[in-house]
Amino acid sequence: MNTDAILTAIGQLSIETPSWGYADSGTRFKVFHWPGAAQTLREKLADAAQVHRVTGVCPSVAVHIPWDKENDWQAVKEYAGQLGLRIGAVNPNLFQEDEYRLGSLCHFDKGVRQRAIEHVIECIQIAQVVGSDVISLWLADGTNYPGQDDLRRRRQRLLDSLQAIYAALPDGMRLLIEYKFFEPAFYSTDLPDWGTSLLMAQKLGAQAEVLVDTGHHPQGTNIAQIVAQLLDEGRLGGFHFNDRKYADDDLIVGSLNPFELFCIFNEIIGASADGLTKADRVAYMIDQSHNIEPKIEAMIQSVINVQTAYVKALLVDRPALRQAQDDGDVLGAYRVLQAAYETDARPLLSEFRTRQGLDPDPIASFRASGYAEQVARERVADKVSGGYPGA
Ligand code: RM4
Ligand code: MN
Ligand code: MN
């Protein structure tokens with residue numbers, strides 16, 4: 001790929017940021033308040049607009065309902081538009097109501113299941129008003145003890161619930177089904193892995209796809225291979241980017257495993273080069289909680305890290321890689337990847353930003369704006385206690 005083609009390709013990568021990443025968050029032990037952290041959806045959108053202003057590639061923001069509950073979604077859409085943003089994925093919250101103690105879409109009580117279904121349908125309606133075409137579904141459902149519930153029955157209830165939701169999806173809207181191997185349930189999780197999500201998606205229909213949260217796998221899992229399988233099945237819906245060392249740590253993407261991120265993009269770009277058109281409509285979303293670091297800067301750094309991995313994957317010499325593979329040249333093939341991975345992506349990213357009229361250093365640009373100090377002065381904090389935003 002020549003430089004111009006790479007610069008064009010960089011501009012095609014949009015990265016969605018999450019409203020909840022701008023709010024105070026923490027562990028089950030403590031939430032540390034960050035001065036100026038956003039509390040309302042409007043504040044979260046204003047912060048997201050800063051990320052878009054300095055990076056140029058983050059025009060959409062995911063919302064989480066009811067953390068971002070609003071009465072007038074048309075007004076939210078207009079406000080986002082004034083900031084140069086749009087609302088992206090709508091995330092139903094199926095874990096924070098008291099009645100979800102033993103599950104939501106898999107609950108043995110039909111009434112609870114029905115209310116959970118209605119909540120997701122409400123999110124579909126919100127998506128329609130704000131002009132979003134993605135519903136991003138993650139379930140906390142599972143059991144803590146063997147025998148607590150009938151695992152096959154739970155699976156059947158899940159499928160029934162998902163079918164009711166799928167029937168309410170308008171044309172063109174996608175249902176992304178996220179999985180996570182454990183937490184908050186510790187014995188069984190109803191959507192524990194990509195295979196289960198894929199089976200559900202295949203049973204539902206073409207508008208259902210799998211969402212890969214990079215923090216949701218057991219130690220040592222080869223995520224790039226999962227991505228390859230989902231691409232090949234035409235069911236890779238999108239990502240929740242974040243990084244981990246132990247469990248679902250929600251750390252800055254690329255901070256611990258930048259090579260893994262590169263390998264993921266290598267699969268996607270390779271699939272796209274092979275003509276798999278669905279590879280070009282994957283939703284790239286960040287799902288992180290910045291507990292001790294400045295939230296807006298951490299989001300900008302995350303975007304830079306994603307772009308860095310992506311640029312390096314664009315640099316892979318694909319004909320040379322294919323040749324080495326066909327020759328059975330194990331080391332040669334690896335060295336093609338290594339050559340791309342070891343290339344410094346920063347000059348290309350600087351050039352991309354300069355051509356967009358942006359500062360080549362987005363963090364420096366954000367710092368120079370004085371925005372963080374301004375919101376720290378202006379926004380009055382509520383007391384925060386524990387758990388996730390909105391808890
Ligand atoms: C979950 C999962 C979901 C996110 C919640 C807050 O672990 O990653 O995507 O919405 O956390
Ligand atoms: Mn997630
Ligand atoms: Mn997670």
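Guide: Welcome! Helix α6 is followed by G205, whose phi is positive, near 140°.

Visitor: What makes a stretch such as α6 (residues 194-204) a helix?

Guide: Helices are DSSP runs of H or I with at least four residues, strands are runs of E with at least two, and both are numbered from the N terminus. This is a predicted model, in which local features need pLDDT of at least 70 and side-chain atom pairs pLDDT 80 or more, while totals for chains, interfaces and linings use all residues. Residues are numbered from 1 along each chain, chains are lettered from A and ligands numbered from 1 in written order, and side-chain values use heavy atoms, without hydrogens and water.

Visitor: Which residues of α6 are buried, and what covers them?

Guide: The buried ones are T196, S197, L198, M200, A201 and L204. Their cover includes α5 (151-167), β6 (174-178), β8 and α7, where contact means heavy atoms within 4.5 Å.

Visitor: Which residues hold the manganese ion (ligand 2)?

Guide: E178 (OE), D213 (OD), H240 (ND1) and D287 (OD) coordinate this ion at 2.2 to 2.3 Å. Along the sequence, the donor residues of ligand 2 follow the spacing E-x34-D-x26-H-x46-D.

Visitor: Why is the arrangement around the manganese ion (ligand 2) called octahedral?

Guide: Six donors count as octahedral if opposite donors are over 155 degrees apart and all others between 65 and 115. Here the 6 donor atoms subtend angles of 72 to 166°, which makes the arrangement octahedral. D213 lies in strand β8 and H240 in strand β9, so this pair ties together parts 27 residues apart in sequence.

Visitor: What coordinates the manganese ion (ligand 3)?

Guide: H216 (NE2) and D248 (OD) do, at 2.2 to 2.4 Å. H216 sits in the loop between β8 (208-213) and α7 (223-232), D248 in the loop between β9 (236-241) and α8 (258-273), and 32 residues separate them. The two manganese ions, ligand 3 and ligand 2, are 3.9 Å apart.

Visitor: How do you know whether D248 is buried or exposed?

Guide: Buried means under 20% relative accessible area, exposed over 50%, and partly exposed in between (1.4 Å probe, protein chains only). D248 has 18%, so it is buried.

Visitor: Why do K180 and D248 count as a salt bridge?

Guide: A salt bridge needs a side-chain nitrogen of Lys or Arg within 4 Å of a carboxyl oxygen of Asp or Glu. The closest N and O atoms of K180 and D248 are 2.6 Å apart, so the pair passes that limit. K180 lies in the loop between β6 and β7 (188-189), 68 residues from D248. K180 is buried too, because its relative accessible area is 6%.

Visitor: How many salt bridges are there in the whole structure?

Guide: The search finds 20. Among them is the one between D150 and R153, at 3.7 Å from N to O. D150 has 29% relative accessibility, so it counts as partly exposed, whereas R153 reaches 51% and therefore counts as exposed.

Visitor: What about D274 and R322: how close do their N and O atoms come?

Guide: The closest N and O atoms are 4.0 Å apart, and the two residues form a salt bridge. D274 lies in the loop between α8 and β10 (283-286) and R322 in helix α10 (residues 318-326), 48 residues apart. At 52%, D274 counts as exposed, while R322, at 44%, is partly exposed.

Conventions: Donors are N, O and S atoms within 2.8 Å of the metal (3.2 Å for Na, K and Ca); water is not among the atoms, so sites may look incomplete. Four donors count as tetrahedral if all angles lie between 85 and 135 degrees; four count as square planar and six as octahedral if opposite donors are over 155 degrees apart and all others between 65 and 115; anything else is irregular.
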